[in-house]
Amino acid sequence: MESGDAARPGSGRATGAPPPRLLLLPLLPLLLGRGLRVAAAASASSSGAAAEDSSAMEELATEKEAEESHRQDSVSLLTFILLLTLTILTIWLFKHRRVRFLHETGLAMIYGLIVGVILRYGTPATSGRDKSLSCTQEDRAFSTLLVNVSGKFFEYTLKGEISPGKINSVEQNDMLRKVTFDPEVFFNILLPPIIFHAGYSLKKRHFFRNLGSILAYAFLGTAVSCFIIGNLMYGVVKLMKIMGQLSDKFYYTDCLFFGAIISATDPVTVLAIFNELHADVDLYALLFGESVLNDAVAIVLSSSIVAYQPAGLNTHAFDAAAFFKSVGIFLGIFSGSFTMGAVTGVVTALVTKFTKLHCFPLLETALFFLMSWSTFLLAEACGFTGVVAVLFCGITQAHYTYNNLSVESRSRTKQLFEVLHFLAENFIFSYMGLALFTFQKHVFSPIFIIGAFVAIFLGRAAHIYPLSFFLNLGRRHKIGWNFQHMMMFSGLRGAMAFALAIRDTASYARQMMFTTTLLIVFFTVWIIGGGTTPMLSWLNIRVGVDPDQDPPPNNDSFQVLQGDGPDSARGNRTKQESAWIFRLWYSFDHNYLKPILTHSGPPLTTTLPAWCGLLARCLTSPQVYDNQEPLREEDSDFILTEGDLTLTYGDSTVTANGSSSSHTASTSLEGSRRTKSSSEEVLERDLGMGDQKVSSRGTRLVFPLEDNA
Amino acid sequence: MERQSRIMSEKDEYQFQHQGAVELLVFNFLLILTILTIWLFKNHRFRFLHETGGAMVYGLIMGLILRYATAPTDIESGTVYDCVKLTFSPSTLLVNITDQVYEYKYKREISQHNINPHQGNAILEKMTFDPEIFFNVLLPPIIFHAGYSLKKRHFFQNLGSILTYAFLGTAISCIVIGLIMYGFVKAMIHAGQLKNGDFHFTDCLFFGSLMSATDPVTVLAIFHELHVDLDLYTLLFGESVLNDAVAIVLTYSISIYSPKENPNAFDAAAFFQSVGNFLGIFAGSFAMGSAYAIITALLTKFTKLCEFPMLETGLFFLLSWSAFLSAEAAGLTGIVAVLFCGVTQAHYTYNNLSSDSKIRTKQLFEFMNFLAENVIFCYMGLALFTFQNHIFNAFFILGAFLAIFVARACNIYPLSFLLNLGRKQKIPWNFQHMMMFSGLRGAIAFALAIRNTESQPKQMMFTTTLLLVFFTVWVFGGGTTPMLTWLQIRVGVDLDENLKEDPSSQHQEANNLDKNTTKAESARLFRMWYGFDHKYLKPILTHSGPPLTTTLPEWCGPISRLLTSPQAYGEQLKDDDVECIVNQDELAIHYQEQASSPCSPPARLGLDQKASPQTPGKENIYEGDLGLGGYELKLEQTSGQSQLN
């Protein structure tokens with residue numbers, strides 16, 4: 001009974017739950033949190049002998065312990081930092097030599113693996129035992145405990161609940177335990193910057209153009225993939241049961257949960273290569289948008305599956321009420337987080353619009369950062385999902401606030417989140433490598449793992465091909481077969497799947513899932529990530545597309561997007577193209593939201609009805625009247641350019657002359673701002689010409705400047 | 001039933017987590033408010049309240065609200081458990097409560113009298129950070145930023161004076177405060193306000209050392225804004241930065257001073273052990289910090305990492321952080337290591353970074369510094385009301401006020417007198433008064449005081465420190481501008497302005513003259529260091545300086561060729577990029593002002609160009625009439641250019 005209890009899906013969370021102050025002291029668990037037990041064991045053996053005159057000695061010993069543990073924590077953190085340093089240096093070497101088969105994340109994993117092996121087999125296995133105390137005073141657990149030990153009072157804080165089976169198995173290697181983080185660290189510290197950065201750097205124009213498809217892939221696709229993987233895995237589990245390989249319970253909800261966590265795709269590797277090679281922007285936008293929203297959907301989906309608790313006696317039968325409740329939770333959390341993120345984004349936009357904060361970039365950057373972080377906290381405090389809120393906050397910030405920031409703050413915020421994202425991502429991946437060896441409760445089950453591999457490919461196929469077929473019915477600008485294959489191929493799993501899997505490793509089923517997820521991440525990142533470049537050329541996908549470049553005049557058949565410019569013909573075509581609801585949104589955004597929240601767009605006095613003239617006048621910033629030309633309006637498209645610029649910049653600075661090339665880069669930015677109205681178009685070209693494109697990329701960046709100067 | 005209770009406990013956890021989010025949210029909210037207020041002030045050019053002061057005000061208000069407007073809920077931990085089986089305090093406790101096993105983590109020891117007032121308000125309890133967070137998370141970026149933005153040229157020019165103020169001055173101030181406070185404590189014992197035996201002389205010294213960490217952010221910010229005389233700025237800034245390092249190590253050494261028998265008697269062995277400890281920790285931290293910075297410099301020199309500014313920034317950040325962690329892991333003081341790491345990074349690594357990374361790293365640490373500083377000051381305001389064990393003792397507080405003034409006077413005036421004997425460029429009276437006046441206490445003093453609030457004396461110290469910080473930041477900080485005018489200290493010395501002005505021919509001789517006087521002026525030791533640095537360290541660690549092949553003796557030719565970067569042969573120009581550190585701050589400000597015109601990248605470019613030709617001249621230090629600072633600067637600039645021509 002007891003063990004069955006532990007395996008029940010609902011009960012697992014408590015074990016993995018964070019210490020109460022975790023959010024308050026975000027970094028503290030990293031620095032101080034672990035390893036107190038070890039020292040305790042040492043002092044237990046030593047001070048047991050002379051219990052007499054020990055009061056002063058003990059005090060000293062406890063202090064020493066604390067110091068010692070602090071030291072060890074520093075060491076374990078140092079290990080990670082040195083790993084990251086090593087990764088950075090190796091990445092540089094790879095980038096320098098243009099080796100593309102291994103991405104930095106893959107590299108971080110390899111280094112993590114190596115260190116994991118060393119820690120596992122290279123350090124002596126000392127065992128730490130806890131003093132187990134059975135005091136039966138109260139019937140509930142308090143958050144703090146005051147214990148009177150021979151006249152001295154000690155304060156203890158609640159760390160977590162331990163399932164009875166594990167008490168004896170805490171005997172472990174100390175070093176291994178030390179490098180194991182509380183899984184909530186991922187959700188509270190490491191993932192938010194990654195996700196925010198993703199939202200903040202969504203290539204806005206292409207993203208909105210493909211919004212319908214992206215939403216379809218993200219929502220429907222994730223649901224389909226989750227369901228299919230869940231069912232397949234259930235079959236596998238049944239098979240294992242028949243073969244007698246399963247030693248513990250594994251319910252259908254567990255399978256669905258596995259489906260949900262493994263549906264979070266994270267093709268960083270592929271995207272980085274796309275970015276570097278300038279693969280087709282539509283494909284990029286589809287993949288990136290899908291993977292970003294995907295994560296959000298997967299998080300909420302997995303938490304609503306966990307929340308699925310049928311009422312009656314048979315807890316694993318289907319219960320319509322509970323099912324609908326889960327669906328309700330999903331919708332509620334998702335829309336709540338969305339609203340929360342969007343609202344704080346809007347508030348930031350308003351604050352930056354109506355104050356002259358842009359005179360002080362430091363203050364502006366700090367405000368931006370704090371507001372974005374508040375989104376996360378607010379969402380967590382209200383019981384929504386912080387990560388999802390942060391994602392939508394990022395998108396809103398990029399769409400509105402970014403336009404209000406000063407030039408300096410724009411680059412500051414971009415760079416700040418870029419660095420945070422980079423560090424966090426590589427940290428997670430190196431931790432993954434480490435976890436394969438340092439995590440203590442791996443359950444390797446070959447059948448399950450093979451089943452999972454098959455399932456994710458089938459799930460991905462069932463997700464991409466049918467949806468693409470349906471989308472192509474509605475899309476004018478079809479998703480080609482090679483794009484579909486590429487999307488199918490890019491079903492990498494990454495940080496999000498890992499974080500979701502490690503969040504709860506209490507029960508047997510969850511441990512098996514965790515191990516499987518880890519292996520899937522390794523496999524996909526190394527093999528699929530490494531195979532991206534060959535795959536691109538094999539599928540004849542065009543590379544070297546410069547999104548800012550003007551399209552050649554002969555390719556005008558695929559012009560899309562909201563043509564609010566002077567070109568009415570293009571406008572018409574756009575209207576036909578995008579769905580009705582999106583058109584509505586575009587015009588609403590352009591006519592009302594942009595003027596209210598930013599300094600751009602048409603003045604509100606012209607778009608709003610006459611009776612709210614006063615309001616309109618006070619909401620419209622004076623700048624709008626001055627520059628009504630579409631010039632400023634497209635500023636937000638810069639987000640799109642900037643990422644690419646830094647990249648090319650990196651390539652072109654081999655001449656060690658940093659400042660001058662940055663100058664050209666930023667001037668071409670200026671230039672591209674002017675050409676904006678014409679660069680709205682997409683170009684379709686022969687797909688095979690990729691390689692030549694790459695070679696000419698460096699120079700092409702400067703073209704707009706020459707055209708317009 | 002069991003399931004029900006499980007869900008309940010899950011709910012509890014959930015609650016905890018959200019509580020954490022709420023607390024952080026409160027801080028975020030306060031900071032946002034502070035930022036907006038600062039903006040308002042800066043916009044209207046109010047200078048009497050600095051952002052840190054504003055953060056404290058908001059913290060106070062929030063503390064007041066939390067304290068008196070929230071319903072006092074009982075903390076559930078009021079009861080004490082007696083465990084007979086336990087004979088010591090393990091760091092992890094497994095408690096079996098009705099068949100559920102819970103894991104508890106050791107937090108701290110509580111003295112008896114703290115138990116009862118403890119059950120106050122759960123929210124207040126929640127709003128209290130673990131003090132270690134200051135040392136591990138908040139202070140390192142502040143200190144690193146301080147080291148990284150030390151205005152190098154002026155700093156080295158005044159190095160002797162700064163070191164004297166920082167080391168001797170802090171020691172003097174610590175002892176003076178300790179003695180005065182000991183007198184007050186004795187008087188209080190006489191007056192019956194304090195039990196005998198509570199408050200030892202070491203406690204007084206402890207208070208003295210933590211009170212010696214000056215932190216004139218407010219004053220420095222105003223100086224920066226008004227462009228006050230650079231020498232004064234450097235003296236104050238350098239002193240306050242090194243001061244912190246000294247105070248931290250000193251506090252630590254005093255706290256481990258434990259004589260064998262009578263805790264009040266003087267024990268020579270223990271004393272020398274403490275002194276040895278002080279020296280060991282200080283030297284160790286210094287070495288650790290510099291070593292990491294040198295590694296970074298070598299890495300950035302010999303790899304072409306500057307092609308990827310993001311990687312470079314990441315590496316820079318990670319290695320600076322490693323300096324902190326390694327020092328902590330080795331039992332040294334991480335903050336001191338980080339300080340020297342920052343100084344060394346600015347001196348060497350900065351020259352190797354790409355221009356993009358230079359800006360990025362500056363901005364990154366500036367940003368972190370800003371946030372961390374405001375969080376600390378905000379927390380100070382909050383702590384006045386939310387901290388549960390305040391002991392307000394009017395006597396002690398008055399004594400402390402008196403003591404810090406006397407000690408500051410004993411620190412500045414005699415030392416300045418002694419230094420003036422040796423300095424050619426005297427520290428005038430108005431500078432001395434200004435330094436005396438700028439004895440603000442800030443983040444470090446607070447962090448040191450809050451680190452240990454177990455015993456009654458420590459709690460009293462904490463309360464007093466808090467009040468002192470409030471008073472000095474508001475009153476002195478607000479009084480800086482009037483004081484500057486009253487003391488007739490020259491403002492408006494603009495570094496960049498000088499750079500822009502064009503030189504004429506006669507400066508060459510002036511420059512030579514300057515050089516000579518410099519040599520005569522600075523002590524032999526420092527001259528030696530300059531020579532060594534210029535000839536060997538710079539060429540090894542950066543792309544600048546004379547090629548090693550010329551400076552090293554013949555027999556180590558291959559090594560020197562290996563270590564010298566090809567650039568060193570080509571342009572000696574790059575040599576003085578370091579100056580940019582000085583400029584960039586100011587530049588950022590100019591830049592903002594210009595930012596309204598959309599063409600900022602060219603502006604930045606122009607700056608770079610401006611900065612680079614001036615480089616060769618910068619090794620010279622001049623000492624001139626103090627009043628002529630601006631003029632001097634101009635000279636320097638021109639000399640560089642004329643050499644070029």
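Predicted model: local features only at pLDDT ≥ 70, side-chain atom pairs only at ≥ 80, totals over all residues.

Biologist: What is the pLDDT over residues 628-709 of chain A?

Modeller: It stays under 50 there; pLDDT is the predictor's confidence in each residue, from 0 to 100. For residues 628-709 of chain A the model has 149 contacts beyond four places in sequence, a contact being heavy atoms within 4.5 Å.

Biologist: What does chain A average?

Modeller: Chain A averages a pLDDT of 70, and 61% of its residues score at least 70. Residues 549-577 of chain A are below 50 too, with 47 contacts beyond near neighbours in sequence.

Biologist: OK, helices. At what angle do α12 and α13 of chain A pack?

Modeller: About 155°, with the axes of α12(A) (residues 268-277) and α13(A) (residues 281-307) 11 Å apart. Axes are lines fitted to C-alpha atoms, for helices over the stretch in contact, and angles run from 0 to 180 degrees between N-to-C directions. Helices here are DSSP runs of H or I, at least four residues, and strands are runs of E, at least two, numbered from the N terminus. So α12(A) and α13(A) are roughly antiparallel (over 145 degrees; under 35 is roughly parallel, 65 to 115 roughly perpendicular, the rest oblique).

Biologist: Which residues of α12(A) and α13(A) meet?

Modeller: V270(A), L271(A), F274(A) and N275(A) of α12(A) meet L283(A), Y284(A), L287(A), F288(A) and S291(A) of α13(A).

Biologist: And the loop between them, is A279(A) buried or exposed?

Modeller: A279(A), in the loop between α12 and α13 of chain A, is buried at 4% relative accessible area (buried is under 20%, exposed over 50%, partly exposed in between, with a 1.4 Å probe and protein chains only). Its C-alpha is 5.9 Å from that of V545(A), 266 residues away in sequence. Not counting residues up to four places away, A279(A) touches F274(A), R542(A), V543(A), G544(A) and V545(A).

Biologist: Switching to chain B: how many helices and strands?

Modeller: Chain B has 27 helices and three strands. Of its 645 residues, 61% count as buried.

Methods: Residues numbered from 1 in each chain as written. Chains lettered and ligands numbered in written order. Heavy atoms only, no water.
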